[in-house]
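Good morning, and thank you for coming.

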Amino acid sequence: MFQMKPATIFLLLLQSTILEQTNAFATWLVDRPVGCFAYLEPGEIIMNSAVLSSSQSKNTDVSLSVYRTDSTLSFSKKILLEEVERMDNGDQLILLKEEEGSDFYYKVMMDMPSNVHDAQYVMDLHTIPSLKSTTEEEEEEESTLWSASFLGSNIGCEGKRAHGRQKKDDGLTIHISQTGTLNKDNGEDTVEIWGGWATDHEAVSLTPKVIFRL
């Protein structure tokens with residue numbers, strides 16, 4: 001009867017553990033409350049490795065692409081290149097048009113080059129006030145111009161984080177709503193989204209950000 005040597009069994013168990021960790025990283029960051037305290041920023045330790053900035057990534061061609069849709073999510077139209085301002089650091093700026101109303105729906109895709117296979121990813125979504133309060137009283141009264149959240153499944157962290165997988169991917173949907181009154185203090189408020197991705201048991205790499213503002 002064939003019997004595996006202890007060393008072979010150990011290697012198989014180690015491989016299984018690595019695959020499980022790799023396959024679980026994206027869902028763990030979204031589905032478990034403790035995962036929400038792991039930040040998608042350079043230097044954060046995820047899967048026993050420091051997260052890499054987009055410029056440090058082993059594949060700097062991975063980025064986010066944005067498609068315009070509506071509340072029914074029945075269509076998707078890619079944002080035209082002339083509507084996007086690309087910054088020196090690779091981030092993209094998309095201007096929200098006031099005439100389109102106070103609600104905006106977008107589908108965000110993780111663009112992967114052909115040499116990246118079966119990547120899993122997480123996206124984070126945050127509203128960023130343009131002016132920071134200086135006192136606790138001011139902070140309590142502070143209200144940003146926008147609220148934003150992911151729609152659909154695979155969502156966690158109070159709607160601010162979602163995950164997907166390259167091989168069965170149709171993107172993630174976000175809803176941006178104007179909830180504050182436009183004034184001189186919040187006119188530069190932004191909504192920012194970025195992603196972190198990995199294949200196999202490797203360090204998570206970040207994408208450049210997509211930034212929305214008026």
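With which side chain does the side chain of glutamate 202 make a polar contact? The model before you is a predicted one, and in it the partner is lysine 58, at 2.7 Å. Glutamate 202 is placed in the loop between strand E13 and strand E14, the latter covering 205–206. A polar atom of its side chain also lies 2.9 Å from the backbone nitrogen of threonine 199. With a relative accessible area of 15%, glutamate 202 is buried. Setting aside neighbours within four places in sequence, glutamate 202 is in contact with Met47, Lys58 and Trp197.

One of those contacts, methionine 47, deserves a word of its own. Methionine 47 sits in the loop between strand E1 and strand E2, the latter being 49–50. Its relative accessibility is 13%, so methionine 47 counts as buried. Its phi is near 55°, a positive value in a residue other than glycine. Glutamate 158 is found in the loop between E10 and E11. Is glutamate 158 buried or exposed? Its relative accessible area is 79%, and glutamate 158 is therefore exposed.

How many disulfides does a search of the whole structure find? The search finds one. The partners are cysteine 36 and cysteine 157, with their sulfur atoms 2.1 Å apart. The torsion about the S-S bond is about -95°, and the disulfide is therefore left-handed.

Let us now turn to the interior. In soluble globular proteins, nonpolar side chains tend to be buried together. Here the largest nonpolar core has 31 residues, and those with the most contacts inside it are Tyr106, Met123, Ile174, Ile176, Ile193 and Phe212. Which elements give two or more residues to this core? They are the strands E3, E7, E8, E9, E12, E13 and E15. E7, with four residues, gives the most. Isoleucine 174 shows how these residues meet: beyond four places in sequence, its contacts include Phe104, Tyr106, Leu125, Phe150, Ile193 and Phe212. A second, separate core has 14 residues, among them Phe25, Leu40, Val51 and Val122.

I turn next to the aromatic rings. A pair of such rings is described by the distance of the centres and the angle of the planes. The count for this model comes to two aromatic pairs. One is formed by phenylalanine 104 and tryptophan 146, which are edge-to-face, with 6.0 Å from centre to centre and 75° between the planes. Phenylalanine 104 belongs to strand E7 and tryptophan 146 to strand E9, so this pair ties together parts 42 residues apart in sequence. Both phenylalanine 104 and tryptophan 146 are buried.

Tyrosine 106 and phenylalanine 212 have ring centres 4.9 Å apart and planes at 35°, so this pair is tilted. Tyrosine 106 lies in strand E7 and phenylalanine 212 in strand E15, so here the parts tied together are 106 residues apart in sequence. Tyrosine 106 counts as buried because its relative accessibility is 1%, and phenylalanine 212 because its value is 0%. A ring is also involved where lysine 209 lies over the face of tryptophan 194, at 4.8 Å from the ring centre.

Finally, the chain as a whole. It has two helices and 15 strands. Of its 214 residues, 43% count as buried. Among contacts between residues at least 6 apart in sequence, 72% join residues at least 24 apart. Thank you for your attention.

Conventions: Residues are numbered from 1 along each chain as its sequence is written. This is a predicted model: local features need pLDDT of at least 70, side-chain atom pairs count only at pLDDT 80 or more; totals for chains, interfaces and linings use all residues. Side-chain values use heavy atoms; hydrogens and water are left out. A nonpolar core is a set of buried Ala, Val, Leu, Ile, Met, Phe, Trp, Tyr and Cys residues joined through side-chain atoms within 4.5 Å. Buried means under 20% relative accessible area, exposed over 50%, partly exposed in between (1.4 Å probe, protein chains only). Contact means heavy atoms within 4.5 Å. A disulfide is a pair of cysteine sulfur atoms within 2.5 Å. Rings of Phe, Tyr and Trp (its six-membered ring) pair if their centres lie within 6.5 Å; planes under 30 degrees apart count as stacked, over 60 as edge-to-face and the rest as tilted. A charge sits over a ring if NZ of Lys or CZ of Arg is within 6 Å of the ring centre and within 35 degrees of the ring normal. A polar contact is a pair of N or O atoms within 3.5 Å; within protein, one must be able to donate a hydrogen and the other to accept it, and residues adjacent in sequence count only if both atoms are side-chain atoms.
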